[in-house]
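I opened this model to look up how its parts meet. The entries below are kept in the order of looking.

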Number of protein chains: 2
Amino acid sequence: MKPGYLSSRCSRIGASEIRELLKLAERPDVISLAGGLPDPRLFPKEEMTEIAKRVLREVGEKALQYSPTKGTAVFLREAADFMERHGVRLSGEDDIIVTSGSQQALYLLGGVLIDEGDYVIVEKPTYPAALGAFKVHGARFLGVRMDDGGMDTHDLERVVKEAVNEGKRVKLIYTIPTGHNPYGTTMDNERRKHLLEVAEKYDLLVVEDDPYGLITFVEKEIDKLKSLDKSGRVIYVQSLSKILSPGMRLAWVAGPKDVIEHMALLKQYVDLHTSTLTQYIAAETLRSRVIERNLDRMRRTYKEKRDVMLETLEEEMPEGVEWTKPIGGFFVFVKLPEGIDTSKMLMKAVEKGVAYVPGSAFFYDRSGANTMRLSYSYPPAEMVREGVKRLTRVVRDELAGR
Amino acid sequence: MKPGYLSSRCSRIGASEIRELLKLAERPDVISLAGGLPDPRLFPKEEMTEIAKRVLREVGEKALQYSPTKGTAVFLREAADFMERHGVRLSGEDDIIVTSGSQQALYLLGGVLIDEGDYVIVEKPTYPAALGAFKVHGARFLGVRMDDGGMDTHDLERVVKEAVNEGKRVKLIYTIPTGHNPYGTTMDNERRKHLLEVAEKYDLLVVEDDPYGLITFVEKEIDKLKSLDKSGRVIYVQSLSKILSPGMRLAWVAGPKDVIEHMALLKQYVDLHTSTLTQYIAAETLRSRVIERNLDRMRRTYKEKRDVMLETLEEEMPEGVEWTKPIGGFFVFVKLPEGIDTSKMLMKAVEKGVAYVPGSAFFYDRSGANTMRLSYSYPPAEMVREGVKRLTRVVRDELAGR
């Protein structure tokens, strides 16, 4: 058989570093602070067992049959209601589509929005799977710096202005404004409004990726960009992976009708439609407020683990190490002194029984060699503490060895 | 907002005619012989309710969590066992990946195999969603004629030879050998072997799309191309849509390791992984032989409806109308006298209370204007009879009006 039967496209697709790393973390003696998996103790198993039973028994003939590409009517209605309960009211210009997780949302968005060579504005660092979903469709990237308040929107304005002056085709701003992955930060309303002003001024679309929007550790729910948007340029992506179950592979996108319409056309080619059965189960979960009833416990659990991680970092890490202080989400981003390469350090860390994600995975230009992402979401609090302690010993060794 | 924010890719993706047509069939007064939906009365609702309950209760923490892109270990093992029970034994050169329905299988195969301008050999007519999945990645097509025995492999040899002589890059042969969609035919073993010889001679891959392989109305199960393949060039696609439930969106692909490996890499970008929950439910369904126990009833039910459709066509249709006689699958392909355009006739048919799919949807070159696909799978037998009667009146009117 000829060896050349694979398409040239294959040279563009590579293994995700994070996914490969998750394999390392499977050793039972390794505490993984790497993957952003939700805590399975928070899955509402009992409620979902009851719901699945009821769905299959009562509407099994529908739940097991083909369904529309955009989503089942009942799921889309419950998704809209859920968003409205959390501050996002859709306009007559908007529409919704269900997707098989937010990964598919980003892939379809890339497909219908990105032409070869178009520029996407991203945070530095940002979510690597989003970089991949845009890049596979030919995107190039421009990065905006971040600080404790999330994306620095003054830097955003500078970057966009410069790119436009150079004649670059800038298409959209991709942002995770709440509980940033990997940076851990949450933008305040002033910055959110400024971001939207910049988008307005330069006529850009905004993709608001919001998996952690409800997992916050502050009194009041954070306003979505989508709810502050007056000109219909925000495309809102809500995943159920972190607040219900990633194994269901369910997310949705709310945005301008023609974007959604074209996503549906592309989705016909990609997988025809998302599982009817999981949509029916999730719709009933949304309708009966399972997520909302679970939210206090979720927030308490993740806040406790965040506290443990921040305390332990504070107690253990040597001078010169810095980290972000999340008020939501799953992640703390750590910066080690210049000269340390966290990719090289990883094997030593795994030997000492702890894993993390090297920061360079989150920078489109592969910078950030001295940074890393720690997740507190999956391991029990005591393991978070022990993991950070182990990591500290690795960092101290590394600093001593310079 | 600028109107030009959609990518140029959007001009390549169009609405599927069949999907659009399904909307017509939603009128309660229309008998749809259009869509290839399985009969929902055959869904094993009771067994699946029990299985879903058990899966969520006993392994909910795994079934609701992220899982590997290639598929959960338990699903892949059960898929391999299922294939082996039905005559496909994988070699050490083969591997398996789960996909979100066979649509995604074909999309990923197109992605990893097709370069812009590559030729794919297809049957005339063939499954339109396969044409779409390959075309969206830049494929061009060459067609092979069909007769009562399915693909005419002598014509195949002629077409391939000619194309190769003209310097065309021919990549693969796509075929639905059993219960062909839309043609209704099943290839005998002699032709299957000949097809594989041609593939061997010209070093082509073969994609065997086999959703109907077990839904046959003959004594013995039909040999898969994959089971006759000696040189590891058959990529086998098995969907659970027709034998278990399309709403689960589950299929798998078994083929050469490097093809599967690259499909998994592309799938990471497309949707990260297929629903863990539906994989767990399906794995248990496979393990406990739910499909096999249901198979007699499935075959009896579809055979009865096929009989009704063929009998009614025989009794009612005027001279000059021809149709195929399926021994498996869901479809009968009808050829009307030259000059009749089934696309134009469709609106009249819907007015008379019956729907079908115009044949031109199944020809990559939009030929076959006087053909149509009828499906007997979804409506009850009596409705199949009534639908064909209504259709006959429309055809007679049309012939009289020429």
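**Entry 1: ground rules.** I note that this is a predicted model, where local features need pLDDT of at least 70, side-chain atom pairs count only at pLDDT 80 or more, and totals for chains, interfaces and linings use all residues. Residues are numbered from 1 along each chain as its sequence is written, chains are lettered from A and ligands numbered from 1 in the order in which they are written, and side-chain values use heavy atoms, with hydrogens and water left out.

**Entry 2: domains of chain A.** I looked up the domain assignment of chain A and found domain 1 at 3–43 + 294–400 and domain 2 at 46–291. Such bounds come from an automatic or database domain assignment. The centres of domain 1 and domain 2 of chain A, taken over C-alpha atoms, are 24 Å apart. In the contact between them, domain 1 of chain A takes part with 30 residues and domain 2 of chain A with 37 residues; contact means heavy atoms within 4.5 Å.

I then looked up the area buried between domain 1 and domain 2 of chain A, which is about 2800 Å², with 66% from carbon and sulfur atoms. Buried area is the accessible area (1.4 Å probe) that two parts lose on being put together, summed over both.

**Entry 3: what links the domains.** The rule finds three salt bridges across the interface of domain 1 and domain 2 of chain A. A salt bridge here is a side-chain nitrogen of Lys or Arg within 4 Å of a carboxyl oxygen of Asp or Glu. I also noted the salt bridge of Glu221(A) with Arg299(A), where the closest N and O atoms are 3.4 Å apart. Between the two domains of chain A I count 14 residue pairs in polar contact, both at pLDDT 80 or more. A polar contact is a pair of N or O atoms within 3.5 Å; within protein, one must be able to donate a hydrogen and the other to accept it, and residues adjacent in sequence count only if both atoms are side-chain atoms.

On the side of domain 1 of chain A that touches domain 2 of chain A, α11 (290–316) and β11 (331–335) of chain A each supply at least two residues. α11(A) gives the most to that side, with seven residues. Helices (H or I, at least four residues) and strands (E, at least two) are DSSP runs, numbered from the N terminus.

**Entry 4: chain A against chain B.** How does chain A superpose on chain B, and by what rotation? I find a rotation of 180° with 0.0 Å of shift along its axis, at RMSD 0.0 Å. That is the relation of a two-fold axis. The C-alpha of chain A nearest the axis belongs to Lys53(A), at 3.0 Å from it. Copies are superposed by least squares on the C-alpha atoms of residues with pLDDT of at least 70 in both.

The contact takes 85 residues from chain A and 85 residues from chain B. Since 100% of the interface residues of chain A are also interface residues in chain B, the copies meet through the same surface. About 7500 Å² is buried between chain A and chain B, and carbon and sulfur atoms give 58% of that area.

I count two salt bridges between chain A and chain B. Glu50(B) and Arg57(A) meet in a salt bridge through their side chains (4.0 Å, N to O). The rule also finds 39 residue pairs in polar contact across the interface of chain A and chain B, both at pLDDT 80 or more. Elements giving two or more residues to the side of chain A that touches chain B include α2 (45–63) and α9 (257–270) of chain A. α2(A) gives the most to this side, with eleven residues.

**Entry 5: single residues.** Over all chains, the structure holds 64 salt bridges. I looked up Arg158(A) and Glu162(A), whose side chains meet in a salt bridge (3.4 Å, N to O). These two residues are four apart in helix α6 (residues 153–165) of chain A, so about one helical turn separates Arg158(A) and Glu162(A).

Lys124(A) and Pro125(A) are joined by a cis peptide bond, with omega about 5°. Pro125(A) lies in the loop between β3 (119–124) and α5 of chain A.
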